[in-house]
Amino acid sequence: MSDRPTVWLSERDRRALSTFALQWAPRETGGILLGYWRADERDLVITEVIGPGEGARHGDASFEPDGAYHIEVVERAYRDSGRAIVYVGDWHSHPAGSTALSDRDVRTLIAIARDRRARIRRPVMGVVGGSDAEDFALWMAEPPWFPWLRRWRAQPLAVTVHRHR
């Protein structure tokens with residue numbers, strides 16, 4: 001049995017990722033992922049895909065989110081869900097590119113995992129790729145086995161797309 005969790009994503013949210021990516025192509029775009037970890041941490045359920053926000057900056061090979069907007073969305077979702085729905089990670093596009101993480105992406109994912117303000121032990125990062133924005137991969141920050149090693153990694157996750165919310 002794998003130590004990696006199962007990730008659940010609705011068809012609606014999977015389509016939203018492609019729609020956002022195509023809307024901004026050929027520039028990169030992105031946003032955040034909201035959801036929850038089941039108590040046993042074997043399942044990550046993504047409940048909502050949030051877009052870039054009006055203040056985001058989209059470049060040919062970079063994306064800077066509208067952080068203030070994302071903080072507001074996370075706070076509202078957390079409050080309205082009775083503290084059940086939380087920030088679980090980020091996503092961004094690689095227009096006409098692969099869904100592999102760049103070195104910068106890996107550094108960003110690990111920085112999120114190490115940042116106590118993010119309040120998440122195992123954040124994920126999704127990448128939408130391909131010219132038709134149909135490719136999607138999700139990666140999870142994995143801490144070192146021993147804290148003194150300080151060697152974090154980004155591990156790919158399998159995503160199960162489902163029809164019902």
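I began with Glu72, which is partly exposed at a relative accessible area of 44%. The terms I use are buried for under 20% relative accessible area, exposed for over 50% and partly exposed for in between, with a 1.4 Å probe and protein chains only.

I note that this is a predicted model, in which local features need pLDDT of at least 70 and side-chain atom pairs count only at pLDDT 80 or more, while totals for chains, interfaces and linings use all residues. Residues are numbered from 1 along each chain as its sequence is written, and side-chain values use heavy atoms, with hydrogens and water left out.

**Salt bridges**

I looked up the partner of Glu72 and found a salt bridge to Arg76, at 3.5 Å from N to O. The term stands for a side-chain nitrogen of Lys or Arg within 4 Å of a carboxyl oxygen of Asp or Glu. Arg76 and Glu72 are four residues apart in helix H2 (residues 67-80), so about one helical turn separates them. Helices (H or I, at least four residues) and strands (E, at least two) are DSSP runs, numbered from the N terminus. Arg76 is partly exposed, at 35% relative accessibility.

Next I checked Glu41. Arg121 forms a salt bridge with Glu41, with the closest N and O atoms 2.4 Å apart. Arg121 sits in the loop between helix H3 (103-114) and strand S7 (124-130), and Glu41 in the loop between strand S2 (30-37) and strand S3 (43-50), so the pair ties together parts that are 80 residues apart in sequence. Arg122 also meets Glu41 in a salt bridge, at 3.5 Å from N to O. This pair ties together parts that are 81 residues apart in sequence, because Arg122 lies in the loop between H3 and S7 and Glu41 in the loop between S2 and S3.

**Nonpolar cores**

I took a nonpolar core as a set of buried Ala, Val, Leu, Ile, Met, Phe, Trp, Tyr and Cys residues joined through side-chain atoms within 4.5 Å. The largest one has 27 residues, and those with the most contacts inside it are Leu33, Ile46, Val124 and Leu138. Among the elements that each supply at least two residues of this core are S2, S3, H2 and S7. Another core, of 10 residues, lies apart from it and includes Leu101, Ala113, Met125 and Val127.

I also looked at Gly35, which is in strand S2 and is buried with a relative accessible area of 0%. Neighbours within four places in sequence left aside, Gly35 is in contact (heavy atoms within 4.5 Å) with Val45, Ile46, Thr47, Ala84, Ile85, Val86 and Val88. The C-alpha atoms of Gly35 and Arg76 are separated by 13 Å, and the two residues are 41 residues apart along the chain.
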